[in-house]
Amino acid sequence: MDAIEPMGAIYLTLKIDYTGKTTPEGKVLKTATDINFYLIKEAKVAFVPFSAFGTGEDINWFRASVGASTLSEIEQLAPRIKEALLKLK
């Protein structure tokens, strides 16, 4: 996972390039939307895929709103995301 540091904004830009990975249930993640829904289910977090802004579904960049999040909330969220991504094959 990569990130671009926010520059005065409330959004964090994330690259979560897990296309082609398989979930524990055997579903292959084919699109950014697949990745997003997997993270919603497994990590209880939702991001906005850049496809919502007009890019293709093959672009694995996402926007995360962090402006209203506390450091503590982010510290609790990061391990859940990591755990979910480590389950992928």
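The largest pocket of this predicted model holds about 280 Å³ of space, where a pocket is an open set of points on a 1 Å grid over the protein atoms alone, at which a 1.4 Å probe fits, with protein on both sides within 12 Å along at least five of seven lines. The volume is the space filled by probe spheres set on the points, which are joined across faces, edges and corners. Its lining (residues with an atom within 4 Å of a point) comprises 16 residues, among which L12, L14, F47, L77 and I81 lie nearest the centre. Two or more lining residues come from each of strand 2 (11-15), strand 4 (61-65) and helix 2 (71-86), and helix 2 gives the most, with 6 residues.

Helices (H or I, at least four residues) and strands (E, at least two) are DSSP runs, numbered from the N terminus. The protein chain has 2 helices and 4 strands, which follow one another along the sequence in the pattern β-β-α-β-β-α. Of the 89 residues in the protein chain, 27% are buried, that is, under 20% relative accessible area with a 1.4 Å probe and protein chains only. Among contacts (heavy atoms within 4.5 Å) with a separation of 6 or more, 54% join residues 24 or more positions apart.

Residues are numbered from 1 along each chain as its sequence is written, and side-chain values use heavy atoms, with hydrogens and water left out. Because the model is predicted, local features need pLDDT of at least 70 and side-chain atom pairs count only at pLDDT 80 or more, whereas totals for chains, interfaces and linings use all residues.

Technical notes: Buried < 20%, exposed > 50% of the residue type's maximum accessible area, 1.4 Å probe, protein only.
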